[in-house]
Amino acid sequence: MNIKGIIIKSNGTLDILGFYTANIKLDKMPPFLKEGVYAAWAQIENATYATVFAAEIKKERLQIYLIDTDLKKNIGKQIKLNVIQQISQMEVCKTKKELKNKILKDINVSKKILNDHKKRSNFSLQNTKKM
């Protein structure tokens with residue numbers, strides 16, 4: 001399942017927690033997505049990145065985080081997401097600490113899923129950025 005769009009600046013709400021995220025501008029929300037958090041491979045230009053993203057269906061937005069990579073330099077570029085698996089539901093967190101812990105857990109789950117995917121499928125990623 002693939003999603004294509006343009007990386008646009010987000011409102012910066014997660015920046016204060018140390019997670020620089022961006023949104024993906026889409027023509028319309030892909031029908032196969034449900035509200036939640038996903039592990040995916042992101043292709044930007046000639047590089048592939050491990051990615052976690054949140055699909056916020058009601059807001060018609062995808063909020064992405066490139067794992068261990070500076071996303072800021074990619075604003076305005078085309079992105080293609082190869083969605084691997086939904087990893088969690090969206091949750092309402094009461095504190096910033098609770099939200100940060102939820103995000104860190106989602107990132108760690110995403111890393112494991114993507115590493116397993118790479119091994120299981122002989123997924124050859126040219127120019128893959130290290131996780």
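What follows is a quick chat about ring pairs and salt bridges.

Q: Before we start, is this predicted or experimental?
A: It's a predicted model.

Q: OK. How many aromatic pairs turn up in the whole structure?
A: Two. One is F19 with Y65, edge-to-face, with 5.6 Å centre to centre and 80° between the planes.

Q: Where do F19 and Y65 sit in the chain?
A: F19 is in the loop between β1 and β2, while Y65 is in strand β5, so they're distant parts of the chain, 46 residues apart.

Q: Are F19 and Y65 buried or exposed?
A: Both F19 and Y65 are buried.

Q: And Y38 with F53, why does that pair count as stacked?
A: Because the planes are at 10°, with the ring centres 5.1 Å apart, and planes under 30 degrees apart count as stacked. Y38 comes from strand β3 and F53 from strand β4, and both are buried.

Q: Switching to charges: what lies over the face of Y20?
A: K72, at 5.0 Å from the ring centre.

Q: How many salt bridges are there?
A: Five in the whole structure. Among them is E45 with K77, the closest N and O atoms being 3.4 Å apart. That pair ties together two loops, β3 to β4 and β5 to β6. E45 is exposed at 61% relative accessible area, and K77 is partly exposed at 25%.

Q: Which salt bridge does D106 make, and at what N to O distance?
A: D106 meets K102 at 2.6 Å. They're four residues apart in helix α1, so about one helical turn separates them. D106 is buried at 8%, and K102 is buried at 12%.

Definitions and conventions:
Residues are numbered from 1 along each chain as its sequence is written. This is a predicted model: local features need pLDDT of at least 70, side-chain atom pairs count only at pLDDT 80 or more; totals for chains, interfaces and linings use all residues. Side-chain values use heavy atoms; hydrogens and water are left out. Rings of Phe, Tyr and Trp (its six-membered ring) pair if their centres lie within 6.5 Å; planes under 30 degrees apart count as stacked, over 60 as edge-to-face and the rest as tilted. Buried means under 20% relative accessible area, exposed over 50%, partly exposed in between (1.4 Å probe, protein chains only). A charge sits over a ring if NZ of Lys or CZ of Arg is within 6 Å of the ring centre and within 35 degrees of the ring normal. A salt bridge is a side-chain nitrogen of Lys or Arg within 4 Å of a carboxyl oxygen of Asp or Glu.
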